[in-house]
Every structure is written in structure tokens, then in C-alpha cells.
Amino acid sequence: MDVHHLHRVCENKAGSRLDFFILQIIGPEKLSRARVQEWIKQGLVRVDGRVCLKPGQKLQQAQTVHIQVPDAGSDLQPLSGRLEIVYQNRELVVIDKQAGMSVHPAPSESGPTLINYLVHACPQLLSFPDRQRPGIVHRLDKDTTGLMVVALTRQARENLSRQFFLHRVEKKYLALVLGCVLKEQGVIDLPLARDERNKTRMTVAVGGRRAVTSYRVLEKDAQSGWSVLKIDMQTGRTHQIRVHLSHLGHPVMGDSVYGGRHWEALGWKKRFLPKLAHRQLLHSWFLGFEHPGSQQKLEFTRTAPKNFLRTLLWLKRKCQKAVITGSPGSGKSTVLALFQSMGCPVFDADACVERLYHPGHDGWLMLRRRFGSRFTPEDGRPVDRKALLAAILKDRSILDEVNHLIHPLVEGCLADFWDRNRDRRLAVAEVPLWFESGMDSPDCLAVGIFCPDGLRLQRACQSRERHREVFFLLDGMQSTQAEKIQRCDLVLDNSQDAFELERRVAGLARVLMHLRIKQKRVDIKQIKQMLLKP
């Protein structure tokens, strides 16, 4: 049954707000101001016999206030599920709160709250006089996940509340934020208050309550524009971490209230972020306090939830770079064409050099500056490759000079190719002089194409109409096939017919996919280890 209160406003209470007056009558330890305001807006409060719907109504001396308090038992409907208990004994329970769940009822919260699930798992909470927040000693925002402690006895509640008040409870958070945080660690000491323009928001304000947040950068990416922070809270203000980081210029990713959904700066990475970071990526990963009974130090850790890990994995994802290399006549160009037919973006170093040799392009200009019009005709035609080859046959040093000029240009074009395709799962480049030019990089997989020497000679002379002398000259100017193959990460045998080569390239594509999956598992493991570091 509902409980009715009737009170007369005495002289020293005149001028009080209606909600504060009711709160003082019933007791702030039994209910929240938000709950009182909800009763007022529901028409459960009368002033001098008339319903008053304004929580801020100023009271006058001798007025009568009638309060109809709803049956508290109806507010706590036990619900099963959605509760992950990390630790429990007679005095307390530690839970891992899910996203999208408010801790306790509020005027703006119509759905089930954490309290509904708690009273089902821990019926002893029903004995608390505060039927709206029984056992609650601290809170997490609705979309913040992680560790919370709830008292199961009144003595435990008083003890834990005192520990929080004296800042003896260790609370550590993980935050995935927008932007690359420059300072590796820092302390944000800025007062917070309600935003006068929007009462549901907090803001940094002179005269507000002191709030101190310290942070340390775990990982960051300046190119993509994100950072992972480990955060210690020295105070516990509403929305403290979210407001402080937003004020710093690095809002928590996914935070729709404080600017965490400005994806534009993340470039192509923003592609799936609205789905991955649909709520603020803030997680309470560590909680430490003294047991209310035994005074034993208790510490708990909890890894970040799946959508936090998936978002970070997506942000860290890079294109798999495969480089096809090998000796002349081994079939590199054919393999590259097969990858292109699979829809894979490709880069051909020989075609790149061909473009560089066009009039006015960088390769053409460099050869003109170094050799005059010897290989760059005055009539504006491309580089005379026949004249260049003839000169190289007579003087090997010319090849060394040309390579010194052209290789950095090819390397620059290759870097542009990788950058243009950074959002693809796989990109393939054919670079015959991958090792000789010094372009080889640890973040690229070198795929060597093997073909027996006799068969290479036969294929090279047929496809490019080269003389044997030219083939042996070019072959002799590179590392031997055995040396190249030895330095490669993967090897593809091209000693059979075209049908077999196509089958083996398809197998190579499956191997590359398997390596991507394997790397993803390694990344997930590394991310979890990083996030749980002290």
C-alpha cells in the first residue's frame, strides 16, 4: 500500500524548494532527489490540497504538503539474467556491469535497471530501507561497462561508502579516445558542475566541485588518430572521465553527449565505427578496496567487453602487403595478373618505370639532368630504352647510376600504392629487384616465384623476344635465384603449365588469408595483454 505523509511548513523551512523539503522530511539516506522529483511530476504531491508539478516550487510558511509515497515493493521487480557476478560473499557482491543498463531507477529511465537484476540474485537487498538504490555505494554511467561493488548488508554499505568518501577505493578505467594524445601521461584537475544550458550534461566550470583524473597512454596511432588510455580516478564526479577527456580535446569514442562521434578525422577507419562504437568505449577494468568485515585487501580485474576489443582491432587493422619477386622469366607478371583477376589491387614496378620514363615525368627528367639528351630524345619522346640497354651492355656503371636515380622514385610510387589501398585486406605488388634495391620491408610478405633456369630462359626469350645475351646480362646483374628464394617468406613453384600455376596461385591466396586470420588472433591476444597491464 502507498504511504501518505502530511507536513506543515514551519518558519525555518519557508522559502525551501518543494523537492528539498520532501527530501529532508523522508531522509536523503532513503531515496534520491531524482526520485522525489519523479513523484512530484507524477502528481503524487499536493500543496494546500492542490497538485503541484513543479519540483522547484518555493514553499511558504504554514502551507501543508501532502506526499503520497508509492508502495516501495512495486518499484523492485526482480528480474533474472543480465548479471555477471565476479565475486560474492555474505557482505558484498562484485559484478561486471554490461553496457546499456542504468544502475538504478531514474525519471529518464523507463526500462529495467541493474537493481532489478540484483534483487533477484541477492534477495537480501530487499531488507534495505532505500528501495530505489539498495546496497549501491557507487555508480557507472548507463553505457559504461565494468566492475562495481554492491553492499549486501547495512554495515557493509556504511563501510564501503566511507572508503569511497575517503578515496581509499582504487578505480581504474580503460578509455578508447579520439585523437592522438601527445603527452604520455598527465593529470587533469578541473572543477565540474551542471551545464546551465543542458542539465543532463556536466561541464568544466569555475566554482564547481573539484575533480581529478590522471591518465597514461597505453597505445596511440598518430596517422589514424586514436589513443588507448588507462585512467585513475582520484575523485568520483558525475561523467568525470568523459567531461575531462572531452575538455582535453580527446572525447571517449562513441560518446554521443561529449563529442565522441566525430568520425571524420579517422579517415577510412570511420567506415564501421558507428556500428562498432555505438556507445562510449569506457570500461572499469580494475577495482580495489578493503573487505568491510575482514579488512583484507580485495582486487579485481576484468578485460574490456567484445565491442571495445573489436573496435580497437578494427582501428589497428592494416592491409596485408604481399610482394612478388623473382629472377627474370620466372613468371612474376603472370602471377600478378592472376591476383588482379581475383579483384586484388596490384602494383607493377616495370609498368611504374615505364610511366616514369615518359616525357616530363620524374624519371625522364632525372635521366635528362644526368645524361643530357643521350637517352632522352630532344623531340619529347619517352626514354630511349634500346639506347640505354646498349649503353649498359658496354658499361655496367651506367646501370648502377640509373638504379640509383630510379629506385627511390619506384619506392615512392609503391608507398603511394600501399597508402591508397590501406583499407583493403590484401594488396599485391610485383617488384623484381625487391631485395637488390633495398626496398624490402618487414611489414611486407615477400613471395618468391621459382622456375628452373632452363625454363626461365625459354619463357623470357619467347615472351619478350630477348636475345640470350640480354637475358644472361640482366640475370647476372641480380642476386641469384637461390639467394632470392632463400630470403623470401613464401615460395611459389612455377615449373608446370598455366593451369597448374593458376591452381597454385589460388592456394597462395588461401595461405595469405590464413596468415591474416592468424595475425588477427595474435593481435587480439596482444590487445588483451596490453589492456590488463598494471
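Begin by selecting helix H16, where Glu500, Leu501, Val505, Gly507, Leu508, Leu512, Asp523, Ile527, Met530 and Leu531 are buried. Buried means under 20% relative accessible area, exposed means over 50%, and partly exposed lies in between (1.4 Å probe, protein chains only). Helices (H or I, at least four residues) and strands (E, at least two) are DSSP runs, numbered from the N terminus.

Before you go on, note that this is a predicted model, in which local features need pLDDT of at least 70 and side-chain atom pairs count only at pLDDT 80 or more, while totals for chains, interfaces and linings use all residues. Residues are numbered from 1 along each chain as its sequence is written, and side-chain values use heavy atoms, with hydrogens and water left out.

**Stop 1: the length of H16**

**Stop 2: a positive patch**

Now select Arg271, Lys306, Arg310, Arg425, Lys520 and Lys528, which form a positive surface patch. Patch residues have over 30% relative accessible area and no salt bridge; like charges are joined within 9 Å, and nonpolar side chains (Val, Leu, Ile, Met, Phe, Trp, Tyr) within 5 Å. Lys and Arg count as positive and Asp and Glu as negative, with His and the chain ends not counted. Helix H7 (306-316) and H16 each give at least two residues to this patch. Zoom in on lysine 528, which sits in helix H16. Lysine 528 is partly exposed, at 37% relative accessible area.

**Stop 3: salt bridges**

A salt bridge is a side-chain nitrogen of Lys or Arg within 4 Å of a carboxyl oxygen of Asp or Glu. How many salt bridges does this rule count? The count comes to 25.

Select aspartate 443 and lysine 321, a salt bridge whose closest N and O atoms are 3.1 Å apart. Aspartate 443 is in the loop between strand S18 (426-430) and strand S19 (444-450), and lysine 321 is in strand S16 (residues 320-325), so this pair ties together parts 122 residues apart in sequence. Aspartate 443 is partly exposed, at 45% relative accessibility.

Next, select glutamate 436 and lysine 484, whose side chains meet in a salt bridge (3.3 Å, N to O). Glutamate 436 lies in the loop between S18 and S19 and lysine 484 in helix H15 (residues 481-487), so the pair ties together parts 48 residues apart in sequence.

**Stop 4: two positive phi angles**

Finish in two loops. Select alanine 62, between strand S3 (50-51) and strand S4 (64-69). Its phi is near 80 degrees, a positive value in a residue other than glycine, and alanine 62 is partly exposed at 42%. Glutamine 295 lies in the loop between strand S14 (282-290) and strand S15 (297-301). Glutamine 295 has a positive phi too, near 60 degrees, and is partly exposed at 45%.

Terms used. Accessible areas come from the Shrake-Rupley method with a 1.4 Å probe; for residues, only the protein chains shown count as cover. The place of a charge is taken as NZ of Lys, CZ of Arg, CG of Asp or CD of Glu.
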